[in-house]
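Dear colleague,

Please find the structure below, handed over for your use. The findings follow directly after it.

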Amino acid sequence: MSNIKIQGLGKSYINRRSRKRDPGDDNDIGAEIKVFEDINLEFEDGEMVCILGPSGCGKSTMLRIMAGFDQSYKGQILIDGKRIIEPSSDNVFVFQQNGLLPWMTVWQNVELGLRNLEDEQEKEDTIQEYIDMVELTGFEYHYPSQLSGGMQRRAELARALAVNPEILYMDEPFTGLDYLTHLKIREEVVNMHTFIKKTMIMVTHFIDDALIMADRIIVLNERPARVIMEHKLDFSRPRNIEKEPGLRDLRDQIFMTLGVSYVA
Amino acid sequence: MIFKRNFILPIVSFSVIIALWELVVVYGQWSVQVFPGPVAVMNSFYELIMNGKLLKDSVASLYRVTIGFYLGALLGIPLGIMIGRVQVFKYLFNPLIQFMRPISPLAWIPLSMLWFGIGDQPAIFLIFLSSFFPIVVSTAIAVERINPIYFQVAANFNFTRMERLSKVVIPAIVPEVVTALRLTVAIAWLVVVAAEMIAVQSGLGYLILDSRNALRMDYVMVGMIVIGIIGLILDIIMYELSQIESVVASRFGR
Ligand SMILES: Nc1ncnc2c1ncn2[C@@H]1O[C@H](COP(=O)(O)OP(=O)(O)OP(=O)(O)O)[C@@H](O)[C@H]1O
Ligand SMILES: [Mg+2]
């Protein structure tokens, strides 16, 4: 259970490599690339937050900063009132790609978050439980390279969920899954969230995911990004976009905000 | 089918070479002393096996290569890891190593004989030099190329310093290091023969040199053939090492 306060968050990269085009623009060596500036947000305990925004607007960057992987930023982030200093297994991160250690089997990867458990039996049971949950039963001793892209994502989700983290950061966790698996795992995450009520922050490109899952939707615009929409949802779950006019309206609104003229 | 082809084709090429060899000997102008044929060499081969000389010399060479190579790997891999992980070590050692590396191990022969005298030691020292630098450099490069995501995973799961080394760095570099070791064994095997021609009184290099002085070209050829065979076996061993399942899996982490 953790609430998150983001105050005046800003991030820029210094461009190191570039093909020089017009002097003075973003492509200059040494030029400062502002990814986002002055982001102010507050997430409540146990909230499921979905962040939407165009590619390259800094969603992954923001998530990495929140998880403590990147300490060079302006402003501050407070988790339960404390500044984050470093990554920790209280806040598990599901990476956009390649997050599994390729030299470890599925079993060993899931074990990472549980390796300090004293009780061997409990450890084994937990590992098996989460592997079963993401339907990788029978693939325990496969290496990531022997799994399909979707199976790798599921293994990574299992590894993250098995830790039972205070905050779960997910960077496009459903990308690369086939449609049915996508829906299934999404439902699984929603159930999990309803059950454990931990704070979950998810970046996604799928507006429908946000509508189905989120307690709060954040929309960013292009670089340098600002929050162009923040919306709290209190529709009951399970949600059905087609049967819920409020969700349909919200979808139209998000599409409009993102500059897509959406024809229902 | 593929197995058969992989097995038969090398036999074909070897047979052709031996046939050509025999043809050149039969129709060429050289005397048996200068250019012995396959049959004569086979007889000498048998002779050298039976009197134990071949085994003794092979063991002597393999011993030097093994010790020198192990020393090179034992010191080279940790140093490479430190150079790859710690900026200070990188700037401290990298220029020095890049400067020493292009100096052929053979250029060290005079100094090593002066320092270590005659015997196993100077030869081992040369093998060590020829293994150490390539291993350090390959290891350092492999460490630097580890995908930073794996260190983020390590940080995320609160790895200790030791765990980061044993669960991330070492498994991540294994494929590259094994490849480097494979190349290095080949270099070491080349160097040992040269070293034995100068610094010692045993080994396959010495066998060749000694036989030349005695004008026994058949023994020289036996020495060459044995060097080839052992080199091949060493390479097969190193190749098998690189095919272990978890090593193969690591290779996909790039
Ligand atoms: N290491 C880096 N050095 C310089 N610029 C970077 C670096 N990492 C990211 N950027 C820049 O920061 C911006 C934001 O990147 P980020 O990966 O956060 O985008 P994103 O919103 O997650 O995009 P996507 O939806 O495609 O994953 C990009 O425009 C990129 O050019
Ligand atoms: Mg991203």
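In this predicted model, helix 3 (residues 53-85) of chain B and helix 6 (residues 120-144) of chain B have axes that come within 6 Å and cross at roughly 30°. Axes here are lines fitted to C-alpha atoms, for helices over the stretch in contact, and angles run from 0 to 180 degrees between N-to-C directions. Helix 3 of chain B and helix 6 of chain B are therefore roughly parallel to each other (angles under 35 degrees count as roughly parallel, over 145 as roughly antiparallel, 65 to 115 as roughly perpendicular and the rest as oblique). The residues of this contact comprise 20 nonpolar, seven polar and four charged (Ala, Val, Leu, Ile, Met, Phe, Trp, Tyr, Cys and Pro count as nonpolar, Asp, Glu, Lys and Arg as charged, and the others, Gly among them, as polar).

Chain B as a whole has 11 helices and zero strands; helices (H or I, at least four residues) and strands (E, at least two) are DSSP runs, numbered from the N terminus. The C-alpha atoms of chain B fill a box of roughly 75 × 55 × 30 Å along the principal axes.

Chain A contains an open sheet of six strands in the order 6-7-8-3-9-10, with mixed pairing (two strands pair if DSSP finds at least two bridges between them). Its edge strands, each pairing on one side only, are strand 6 (91-94) and strand 10 (227-232) of chain A. On average, neighbouring strands of this sheet are turned by 15° against each other, direction ignored.

Within the sheet, strand 3 (residues 48-52) of chain A runs parallel to strand 8 (residues 199-203) of chain A, and four bridges join them. A:Val49 stands opposite A:Ile201 in strand 8 of chain A. Helix 5 (residues 179-196) of chain A packs on the sheet, touching strand 3, strand 7 and strand 8 of chain A, and its direction makes about 155° with that of strand 8 of chain A (contact means heavy atoms within 4.5 Å).

Over all chains, a search of the whole structure finds 24 salt bridges (a side-chain nitrogen of Lys or Arg within 4 Å of a carboxyl oxygen of Asp or Glu). One of them joins A:Arg237 to A:Asp215, with the closest N and O atoms 3.1 Å apart.

Residues are numbered from 1 along each chain as its sequence is written, and chains are lettered from A and ligands numbered from 1 in the order in which they are written. Local features need pLDDT of at least 70, side-chain atom pairs count only at pLDDT 80 or more, and totals for chains, interfaces and linings use all residues, while side-chain values use heavy atoms, with hydrogens and water left out.

With kind regards
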